Amino acid sequence: MQKSILILGACGQIGTELTYVLRKKHGATTVIASDIREGNESLMNSGPFELLDATDYNALEEVIAYYEISEVYLMAAMLSATAEKFPMRAWNLNMNSLFNVLNLAKEKKIDKIFWPSSIAVFGPNTPVDDTPQNTIMEPSTVYGISKQSGERWCNYYHQKFGVDVRSIRYPGLISYKTMPGGGTTDYAVEIYHKALSSQTYTCFLKKDTKLPMMFMDDAIRATLMLMESHPNSIKIRSSYNLAGMSFCPEEIAESIKREIPGFTIDYKPDFRQEIADSWPNSIDDSMARMHWGWQSEFDLERTTREMLYNLKENKQ
């Protein structure tokens, strides 16, 4: 019997694209999208949708029972830059939503959980190049603290209660389908929009701030690979390092200039610079490659071509 999938935070940057891909793979009626607000028209028309607050345990339990949900993708979160403005709201959303799904799995009301972590778990004392799977973390942001705490709780619930929870530490994500939602790596999406609309961009990070990034297609593919892997292949129940590419604003600007020669960029770093400075330059994802066969496909040049082509097409 086909069991149903619930996506919490389906209207966000990752959740939107994950919803489309899962519906194409499993059928629209078996993938229930949910969020605290409605999404775009395309998402709303693509299959079942529930207005749902992921921090409301009773409402969540009711939806899971009604649709006979077996898998939950918990994509609802307040991201790094926004969380610094509203620290307690961010902590409550990021942690209470996780506890809700972990406890529902502990009670055998769902079978499997995907919960995203982030490179934000790392901090200023973390080795910045090829950051290992196991290393000093000491995150310096509310978002990072919530993600590191979440990783420990995921591992605890797996060890103590056998909960099948799986996780990836996403790098910065680049997508042409949805706008970013308040993260420190958002410049790497905004820059393509500005390149096409005005051929100029003012970046909120310094030109040489190198960060791990990934094209959204790779991120979604990695997520599904992890969730479809045999439980015995999942050796890490906190969260897996995941890598795609690493670049700085100056390098992404140069890649755009090769496609749009008149493009210009200037730099006015703001409070997000301090956040970015606490994160790695590049990530070692050898454990994900070894355990469940991960391999990235998109480099910066391919990403730039995909972004510019699809943003042009969407405007026509």
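**Figure 1. Helix α9 contributes to a negative surface patch in this predicted model.** Partly exposed denotes a relative accessible area between the buried limit of under 20% and the exposed limit of over 50%. E250 has a relative accessible area of 36%, so this residue counts as partly exposed. E250 sits in helix α9. The negative patch comprises E84, D208, E250, E251, E274 and D277. Two helices, α9 (249-257) and α10 (272-277), each provide at least two of the patch residues.

**Figure 2. K257 and E254 pair within helix α9.** Side chains of opposite charge can pair when their charged atoms come close. Here K257 and E254 form a salt bridge, and their closest N and O atoms are 3.4 Å apart. Both residues belong to helix α9. They are 3 residues apart, about one turn of the helix. K257 is partly exposed, with a relative accessible area of 28%. E254 is also partly exposed, at 36%.

**Figure 3. A salt bridge joins R258 to E301.** The N to O distance between these side chains is 2.5 Å. E301 is partly exposed, with a relative accessible area of 26%.

**Figure 4. D164, R166 and R237 form a salt-bridge network.** The model has a count of 13 salt bridges. One of them links D164 to R166, with the closest N and O atoms 2.9 Å apart. Are D164 and R166 buried or exposed? Both are buried. R237 is linked with D164 and R166 in the network.

**Figure 5. The largest nonpolar core holds 43 residues.** Six named members touch the most other members: I174, Y187, Y192, F247, I252 and F263. Which element supplies the largest share of the core? That element is α7, with 6 residues.

**Figure 6. M88, W91 and I145 make a nonpolar patch on the surface.** Together the three residues have about 280 Å² of accessible area. I145 is placed in helix α6. Its relative accessibility is 38%, so I145 counts as partly exposed.

**Figure 7. D130 has a positive phi in a loop.** Most residues other than glycine have a negative phi. D130 is not a glycine, yet its phi is positive, about 50°. The residue lies in the loop between β6 (117-118) and α6. At 52% relative accessibility, D130 counts as exposed.

**Figure 8. Q199 also has a positive phi.** The phi of Q199 is about 60°, although this residue is not a glycine. Where is Q199 found? Q199 occupies the loop between α7 and β10. The relative accessibility of Q199 is 38%, so the residue counts as partly exposed.

**Figure 9. G262 and A195 are 67 residues apart along the chain.** Their C-alpha atoms are separated by 9.1 Å. G262 is in the loop between α9 and β14. With a relative accessible area of 44%, G262 is partly exposed.

**Figure 10. A288 and I236 are 52 residues apart along the chain.** The separation of their C-alpha atoms is 9.0 Å. A288 is part of helix α11 (residues 286-292). Is A288 buried or exposed? A288 counts as buried because its relative accessibility is 0%.

Notes:
Residues are numbered from 1 along each chain as its sequence is written. This is a predicted model: local features need pLDDT of at least 70, side-chain atom pairs count only at pLDDT 80 or more; totals for chains, interfaces and linings use all residues. Side-chain values use heavy atoms; hydrogens and water are left out. Patches are made of residues with over 30% relative accessible area and no salt bridge: like charges are joined within 9 Å, nonpolar side chains (Val, Leu, Ile, Met, Phe, Trp, Tyr) within 5 Å. Accessible areas come from the Shrake-Rupley method with a 1.4 Å probe; for residues, only the protein chains shown count as cover. A salt bridge is a side-chain nitrogen of Lys or Arg within 4 Å of a carboxyl oxygen of Asp or Glu. Lys and Arg count as positive and Asp and Glu as negative; His and the chain ends are not counted. The place of a charge is taken as NZ of Lys, CZ of Arg, CG of Asp or CD of Glu. Helices (H or I, at least four residues) and strands (E, at least two) are DSSP runs, numbered from the N terminus. Buried means under 20% relative accessible area, exposed over 50%, partly exposed in between (1.4 Å probe, protein chains only). A nonpolar core is a set of buried Ala, Val, Leu, Ile, Met, Phe, Trp, Tyr and Cys residues joined through side-chain atoms within 4.5 Å.
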